[in-house]
Structures are given as C-alpha cells and as structure tokens.
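Follow them from pair to pair, then out into the packing around them.

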Amino acid sequence: MRKIFILAGLLLSLSGFAGGPADTAATAAILEQLRMIDSIESKLHYKTGTVTLQNGVATINIAPGFKFLDAQEARYVIEDLWGNLKGQTALGMIVPANMQASIADYAFIIEYEAMGYVKDDDANEIDYDELLKGMKEDAATSNEERRKVGIPAMNLIGWAEKPHYDNQRKLLYWARQFKVDGSDENTLNYDIRVLGRKGVLVLQAVSGISQLDSVKANKDQILNMVTFNKGSRYEDFDSNVDDVAAWTVGGLVAGKVLAKAGILALILKNIKLVFLAIAALGGGIWRFVTGRKKKQEEEPVYQEEVAEEEAKP
C-alpha cells in the first residue's frame, strides 16, 4: 500500500479521539490534501538502475533503496511543488525509495557547473575552522540582502559534518547547519561535489537537521552513485585545450554561502498548502498519541494562515 494511504489510514483511526466538528473538518481537509499528493505522485516517473544525465557528462547508478527523477520532473517538483522560482537548473533528483519526492524528508538535487578544471592542490592544506569564520561573515552580509527582498535570514551555525576530500575519487563533501528565521528546527545543507574535466557535479540535500543521521547513514551509497563518463573525467584533463577554474577545493566549500535562495526557499517562502496539510497531519497524530491538544487561543492564528494559503493561486 502506498505510504500516502498508510498515513491517511492512521489519521482516520486516530480521528476517533477527536472531540468536535473542528477536528472532523480538519481531518477531511487533510485527507483531501493527501489525495492531492497521491494524484501528483502518480504522474511522476521514478527510475532505477543506470541513468545518464541529460547533459551526457555523467552517469548515475541508482543504488538499492533509492530512486531517480529526471531533469524535467525534478524541476517540476522543485518549482511547482516546493514553490521555488522558475528557471531551476536541476539535472535530476535522487530520492529515498520509501519516500515521495513531493514530501520527502530529504532528496539530493543534482546540478552541473561548467566552471572548468578545479585544481585540488590546496585540499590538504585548508583550515576549515578558519574558513568557517569567513563563511559566517559572508552569511551575515547575505542576510541583509535577503531581508530586503523578504526572504527569511539564514544564520550559519557551523559544520554539521566537516569538509572531507577524497583524493582517489575526486569527491568533496561537507554539511552545514543553519538557523532560519521563523523556523523551529535548524536546517541541514548536505553538499557533495564531484570534480570533472570541465566542471563539477553538484549534489545537495536540504532538510531539517533531524535528518542528519539518515543522510549520513546513506552517504556512502550516494557518493558511489555518481561517475563522470569517459572524456569528462578528472583524469581526462588536457592542459592544451581545457580551461582551469578560478575556484580551488577550498573555494568550492566557501562559495557564496547564501547568494541564491535556490531550493532553500522551500523551507518558509511560497510553501504550498499541501505542505501545511502534511505539517498538520504530523502535528495532529503527535497530539492524538500524546494526549496533548493545541491551546485554544492558538487556533485562530492557524486558521488564518490556512485561509491565506488557500487564497493564493
């Protein structure tokens, strides 16, 4: 049975504990949203096995326990379901097999940056603690711009996992923890970079910090999935014809930490009503199981928020 209906069934069984018409109406609204999610998911075409990315430079060998959405459908999820700006450049999305992309706890978005050949001479010389200080300063500056355009500030707390460079596989990975204004849970950014002849493959997962253990537990499988195709590999570099990137390994980690909202916007900005419904579902189950009810004075605020979301096109 699909996960969506398992959740719905659980909600229905627990709704017997509800005490009035408001609870019944909330349950009906949530079930309608769950049916909408299931309808959306039925239109997605997940792939497994070996997948060649749309630009042809790399291959993804989807490990057991995961599934893949191609560029078009990944962008549909990011833009239309997660509420991000149009024009995303995702080449695909890796999702845990037991989750649905529209409401997954985490998913790795795949992009490619044709920045040239990134030299890794500095990989073993970088003081990542010192680098973090500069990144926090960049984050503070970026937050001023984010506030001006109405995007919640993201304060860099520190490493959730320190950067590590695998010289044999030309892989760089690290994780950062952020505090987003208005969010109860800190945000996790888990980044992987695969160095190639003419650019870098980017894999990034954005989720709540509570998913860090899940991401780390599956990290090795994710790292092993992605390989550049022959002619695009790091060792295929030809100094006579290929460009060298202005970036180094340390530069890839530092970057411009919060320069673009990207998929981070899914956290608070332009979130769809469907995700409010899922949040309500989770919260409702927790309250029913623990016997905790939402305070009466908080209800009007919640109802106004839902009404505002329903009014949006």
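The whole structure holds 6 aromatic pairs. Rings of Phe, Tyr and Trp (its six-membered ring) pair if their centres lie within 6.5 Å; planes under 30 degrees apart are stacked, over 60 edge-to-face, the rest tilted. The model is predicted: local features need pLDDT of at least 70, side-chain atom pairs pLDDT 80 or more, while totals for chains, interfaces and linings use all residues. Residues are numbered from 1 along each chain as its sequence is written, and side-chain values use heavy atoms, without hydrogens and water.

Start with F108 and Y190. Their ring centres are 6.3 Å apart and their planes stand at 80°, so this pair is edge-to-face. It links F108 in strand β5 with Y190 in strand β9, 82 residues apart. Strands here are DSSP runs of E, at least two residues, numbered from the N terminus. Both F108 and Y190 are buried (under 20% relative accessible area, 1.4 Å probe, protein chains only). Ring pairs join Y106, F108 and Y190 into a cluster.

Now take Y117 and Y234. This pair is stacked, 4.5 Å centre to centre, with 25° between the planes. Y117 lies in strand β6 and Y234 in the loop between β11 and β12, so the pair ties together parts 117 residues apart in sequence. Y117 is buried at 14% relative accessible area, and Y234 is buried at 7%.

What surrounds F108? F108 touches residues including I94, Y190, I192 and L203; contact means heavy atoms within 4.5 Å.

Methods
Helix = DSSP H or I, 4+ residues; strand = E, 2+ residues; numbered from the N terminus. Buried < 20%, exposed > 50% of the residue type's maximum accessible area, 1.4 Å probe, protein only. Lists of a residue's contacts leave out its neighbours within four places in sequence.
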